[in-house]
Amino acid sequence: MEEFLSANQLYIVLGVVLLIWAGIVSYLFRLDKKLTKLEKLMNKG
Amino acid sequence: MFGKTSTTIFKYGSVSLISVVLVAGLAIPMTVSPQSWLEFPVIPGLEEKARNLFFHVPMSWTAVLAFFFSAVYGIRYLRTKNIDFDVVSVSSAGLGLLFSILATVTGALWAKFNWGAFWNWDPRQTSIFILLLIYGAYFALRSAIDSEEKRAGLSAVYTILAGLTVPFLVFIMPRMMAGLHPGAQGDASGKGPLFEANMIAPNMRMLFYVSLIGFSLLFLWLLHLRVRAGRLEFQQKQGER
Amino acid sequence: MKSLSSTYAILLKDAQSELRTRYAVNALFMFVVTAAVIVQLAIRSEQPSSSVLSGLFWVVVFFAAMSGLSRTFVSEEERGTSMTLQLVATSSSVYFGKLLFNIVLTLLLNLAITLLFTVVFPGFVVQTFETFLLTVVLSSIGLASASTILAAIIAKANTKGTLYPVLAFPILLPLLMTAMKATARALEGDPFGAGIEEYQILISYIMVITAGSYLLFDYVWKD
């Protein structure tokens, strides 16, 4: 595993990029949920 | 603005497509003579930098798409005077600013390692720079006007007016002037579109189109989120009054 | 016919009020002289190339236009006459009247700058006169066309002059880039037919912007 990664360092970059992308996506999903909640709140009151 | 099904498509479509592009675009190895679908050919002069194609070009495309949306919703605002269309227009312009900054940065990095300098005043670099200026001017104009209706009307007129000059910048000038991007005058492939389909291998082309769709869907999802936030803000402001 | 005569009437009215105060003409003239002298003091005995000179030429034209062309609409708002104008004339005749006035003003401005540059810079010699004339006339019309609608926006936005060049620059840049190229060509002495593409760009720019402004003007003019 370690040998493979030190030979193909691009995969480390890929891992970092995917981590960042996962962070952005989960942030967006949470934002989406929050907006839905707020919309419900506003339309009720 | 969008139905429930389409927003679901935006959400899951963009996430899955961009994830595919990230994994495939970065992980597929490059070889001199590709044997299978899971190998990219080495493009002389570009080598590993060619991977940026999957990110830089779709970002610039999305910046132009956002601009187009902003102008179209500007027209719809002027026709109906429905403030909701102004919310869409301004949200789209904000996202356009974001994507054109991303396209400029990825492009500048690519230019540094391929052409030798971060900025060369290539016609396309000039046009993305002007796109940034237009967005900047648009927000400067908006911040200068207090009245809501006036702001919406005047900024809609400005986006449409600016939208009329964008074709000159994006489609006409880069082809007529000497430049470094493919498709510029003096380029070996002649006058043509920026991206010539036969220039790259079929598997790269496929991934490129997947990326275009993925980024467009991401833009639509982000737009939807921003519009909803903008509407809530507007409702709240009206409630205070 | 009626709209034509009211367009003419608005042009005449603007010309008369301009002749009375000479605000725009004076501002433009002083601006041009100042700019040319500053550039001359900076370069002294250097021999700038024709592309540098054509760049300087259009820099001066652009900023001079930005300092003078917004007057037509800003003065209406300042004097509080825009309401009256809305009542007595259709918006299209207002637009075309103001546009014609601005075109005349820009042509005069270009003439003044050309004369001044010829006197001040020994290197500024127009070799191909037809190219230069056509470029300047077409660019003046395009410049005036885009500036007129933007002046209307600025006048309504109550920001006076500060935002005007910011808004105008990205919209005018395709025009300015083409004009600079064509002017450099005229100074180099290329034959007249060499830059046919540039005239095509300039003409299509004029048509697109004028048609767009004509359609959009109503929304700016009438609150």
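Visitor: How many helices and strands does chain B have?

Guide: Before we count, this is a predicted model, where local features need pLDDT of at least 70, side-chain atom pairs count only at pLDDT 80 or more, and totals for chains, interfaces and linings use all residues. Residues are numbered from 1 along each chain as its sequence is written, with chains lettered from A and ligands numbered from 1 in the order in which they are written. Helices (H or I, at least four residues) and strands (E, at least two) are DSSP runs, numbered from the N terminus. On that basis, chain B has 6 helices and 2 strands.

Visitor: What percentage of chain B do buried residues make up?

Guide: A residue is buried if 20 or more other C-beta atoms lie within 10 Å of its own, exposed if 12 or fewer, and partly exposed in between, with C-beta atoms placed from the backbone. Chain B has 241 residues, and the buried share of them is 40%.

Visitor: And what percentage of chain A counts as buried?

Guide: Chain A comes to 2 helices and 0 strands. Its C-alpha trace spans about 60 × 15 × 5 Å along its principal axes. Of the 45 residues of chain A, the part that counts as buried is 0%.

Visitor: Which chains share the most contacts?

Guide: Two residues are in contact if their C-beta atoms, placed from the backbone, lie within 7 Å. Chains A and C do not touch, and their nearest C-alpha atoms are 32 Å apart. That leaves 2 pairs of chains in contact, and the pair sharing the most contacts is chains B and C.

Visitor: Which helix gives the most to the side of chain B that touches chain C?

Guide: Here 24 residues of chain B are in contact with 23 residues of chain C. The elements of chain B giving two or more residues to that side are helix H4 (123–144) and helix H5 (148–176). With 15 residues, the top contributor is H5(B).

Visitor: How many residues on the side of chain B that touches chain C are nonpolar?

Guide: Ala, Val, Leu, Ile, Met, Phe, Trp, Tyr, Cys and Pro count as nonpolar, Asp, Glu, Lys and Arg as charged, and the others, Gly among them, as polar. This side of chain B has 2 polar and 1 charged residues, and its nonpolar count is 21.

Visitor: Which helix gives the most to the side of chain B that touches chain A?

Guide: This time 11 residues of chain B are in contact with 15 residues of chain A. Helix H1 (4–27) and helix H6 (202–240) of chain B are the elements giving two or more residues to that side. By class, the side of chain B that touches chain A has 8 nonpolar, 2 polar and 1 charged residues. The helix that gives the most, with 6 residues, is H1(B).

Visitor: Which residues touch the most other members of the largest nonpolar core?

Guide: A nonpolar core is a set of buried Ala, Val, Leu, Ile, Met, Phe, Trp, Tyr and Cys residues joined through C-beta atoms within 7 Å. Leaving aside neighbours within four places in sequence, B:Val157 is in contact with C:Ile153, C:Leu216, C:Tyr219 and C:Val220. In the largest core, of 131 residues, the ones that touch the most other members are B:Val157 and C:Ile153.

Visitor: Are H2(C) and H3(C) roughly parallel or antiparallel to each other?

Guide: Helix H2 (residues 23–43) and helix H3 (residues 50–68) of chain C pack at an angle of about 150°, with their axes 9 Å apart. Axes are lines fitted to C-alpha atoms, for helices over the stretch in contact, and angles run from 0 to 180 degrees between N-to-C directions. Angles under 35 degrees count as roughly parallel, over 145 as roughly antiparallel, 65 to 115 as roughly perpendicular and the rest as oblique. So H2(C) and H3(C) are roughly antiparallel.

Visitor: Is C:Ala9 partly exposed or buried?

Guide: C:Ala9 is found in helix H1 (residues 2–21) of chain C. C:Val94 is 85 residues away from C:Ala9 in sequence, and the two are 9.4 Å apart in space, C-alpha to C-alpha. Because C:Ala9 has 14 other C-beta atoms within 10 Å, it is partly exposed.
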